[in-house]
Amino acid sequence: MAKLKGATLVEAIIAMVIVSICSAAFFSCFQLVISSTKSIRMGKIMEQVEDIKYKTQEEKDFEDDEVELGDVKILKTVKDTDHEKLKLLHIEVKEGEVLLEDFNYFVVKND
Amino acid sequence: MLRGYALYVAIMILFMVSLICGSLLMLYDLNDKEYYIYETDRRLRNNVESTFNELSTAEIEQGVIVKDLFGEKRDSVEMSSGNWGMLSYISVKAFSGDRSRSKSALMGPLLHSKEEYAIYLANSNKTFSLCGNTLIKGKCFIPESGVKRIHIDGIDFMGDQLIEGDQEKSTSALPEIRKEFTDHVASYLQGKFDDKDSVMIFTGDSVKVLRSFRERTLVMKNSGPMVLENIEYRGKIIIQASGWVEIKNTAILEDIVIMAPVIFIDEGFKGSGQFFASDSLMTGNDCKFLYPSVLAVIGIKDTASAMLNLGEGSKVMGAVFNYQQKQAVNNRNLLSLSKDSEVYGQVYSNGLLEIKGSVYGSVVCEKFILRTNSSIYENHLLDATVDISKLPEGFIGVSLLKENKDLDILKWLN
């Protein structure tokens, strides 16, 4: 029968510390990557925003609007400009009171 | 003998976990950068589109302009504009940090088929007379003496209604032409060019020339007559000739401008472009001038009678016009649309206009002329069609008249 030579206590403790640090580092990194799905979520929200922009432009929907996507609110406002045929579409994406994104877009109002 | 090697195993695990963690961190960083690029590009794309939307409601300023688009000091765009023949050329570049997005387009006025008129015939106290199988559909501005049916060479007017649309009195003056465009073309017809143009002598060696609209205008000059055959020219190219130009049907042309005193276009030609002559322009039969095309004679001398003839069965999508800058007393420029020819868009002549084919759009002229075997008649139409209701919805024309204001995108450019 082969003899199994045990490691020293010091060796075993150092190994345990190394493995613990490794585990901690791995979970931190994993958490970080998981949190990056925020950008995926924002991507989905921006798809909705593009849809609102498209409807405003193509379907001539110039009414102010508010869309809720879970905790996120998309606020649409349409303002007049110096030219009667040109409207300014302003969109804000908010999570609670925090402004996540906002942008402007000129829309032509053709009859 | 087998040993535990706990420390070695732990170090191996450390190494492997480091690799995995490193990969995860890189993935995170990449994802973050990708999202930033995607978001920036989306904002830039929106800014470019917004600029074009704004330009469609405003007078376009010539030259290069950098502006803060929404007045919030975070969306900057650079616009450069100029004339491309009878069209406006616009290039918009939105930028943020080191990223930018640009788009170029040809723009022209939106012709509303419901608002536009089918015919504007200047008031010359000559009655507007219709004969044969003539169809006029749309609002018409006609001389004070009105419109009547007439009998010519044994042919009577065959329709039920003379004009299917409202009638209003015209004035003796035609709607004002946009001189900034015709003067620009006339200067090239006189051999001048812009300082920013790249000028080269036409040798005929280049069989294929593609010029992007982001580059400077390529002016190919030629003294004396020239024949364009078996060539492919596309993009921002002006061919400027001091002699006559013959365009064979083997030439492939797209978006280019040709300027010469006399232009002949061979039978069966197919392509798009703007063709400007100072003396005469003749096309063969069955030519197809694809959208957007312009056939024009701009008379720069007051002595000559400018002549433009669209051949039988030929088709133009865009505009055909004959404009004499200075009208001499006895000389009348003539624009003739032959039998079975079709024009979708605008037709203008500040001299005489002969229609034997069809115009699906708007016609503006000083006088109609009808030439038969037996006689010549003024303000008469025989077997002609002018129907603005068949103009496609949202048709973008050329900037010919001052009243054509609402610009829209005619064609996106490379």
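**Exercise 1. Contacts and overall form of chain B**

Find what share of the contacts in chain B with a separation of 6 or more comes from residues 24 or more positions apart. Then describe the dimensions of chain B.

*Solution.* Start with the contacts. In this predicted model, residues 24 or more positions apart make up 52% of the contacts in chain B with a separation of 6 or more.

Next, take the box. Along the principal axes, the C-alpha atoms of chain B fill roughly 125 × 50 × 45 Å.

Now compare with a globule. For 414 residues, a compact globule would have a radius of gyration near 22 Å. Chain B has 29 Å.

Last, check burial. Of the 414 residues in chain B, 42% count as buried.

**Exercise 2. Elements and domains of chain B**

State how many helices and strands chain B has. Then locate its domains and describe the contact between them.

*Solution.* Count the elements: chain B has two helices and 33 strands.

Divide the chain. Domain 1 covers 6-108 and domain 2 covers 113-393. Their centres, taken over C-alpha atoms, are separated by 43 Å.

Turn to the contact. Domain 1 of chain B supplies nine residues, and domain 2 of chain B supplies 10 residues. On the domain 1 side, the elements giving two or more residues are strand 4 (87-96) and strand 5 (99-111) of chain B.

Sort the residues on that side of domain 1. Four are nonpolar, five are polar and none is charged.

**Exercise 3. Where the chains meet**

Work out which element of chain B gives the most residues to the side that touches chain A.

*Solution.* Begin with the totals. The contact takes 31 residues from chain B and 31 residues from chain A.

On the side of chain B, strand 1 (2-3) and helix 1 (6-55) each give two or more residues. Helix 1 of chain B gives the most, with 23 residues.

Sort the chain B side by kind. It divides into 19 nonpolar, seven polar and five charged residues.

Finally, place the helix against chain A. Helix 1 of chain B lies across strand 4 and strand 5 of chain A. It runs at about 30° to strand 5 of chain A.

**Exercise 4. A sheet in chain A**

Give the strand order of the four-stranded open sheet in chain A. Explain why one side of each edge strand is left without a neighbour in the sheet.

*Solution.* Read the order: 2-3-4-5, with antiparallel pairing.

Look at the edges. Strand 2 (65-69) and strand 5 (98-108) of chain A each have a single partner strand, so one side of each is left without a neighbour in the sheet.

Zoom in on one pair. Strand 4 (residues 86-95) and strand 5 of chain A run antiparallel and are joined by 10 bridges. Leu86(A) stands opposite Val108(A) in strand 5 of chain A.

Definitions and conventions
Residues are numbered from 1 along each chain as its sequence is written. Chains are lettered from A and ligands numbered from 1 in the order in which they are written. This is a predicted model: local features need pLDDT of at least 70, side-chain atom pairs count only at pLDDT 80 or more; totals for chains, interfaces and linings use all residues. Two residues are in contact if their C-beta atoms, placed from the backbone, lie within 7 Å. Ala, Val, Leu, Ile, Met, Phe, Trp, Tyr, Cys and Pro count as nonpolar, Asp, Glu, Lys and Arg as charged, and the others, Gly among them, as polar. Domain bounds come from an automatic or database domain assignment. The radius of gyration is taken over C-alpha atoms; the globule rule is 2.2 Å times the number of residues to the power 0.38. A residue is buried if 20 or more other C-beta atoms lie within 10 Å of its own, exposed if 12 or fewer, and partly exposed in between; C-beta atoms are placed from the backbone. Two strands pair if DSSP finds at least two bridges between them. Axes are lines fitted to C-alpha atoms, for helices over the stretch in contact, and angles run from 0 to 180 degrees between N-to-C directions.
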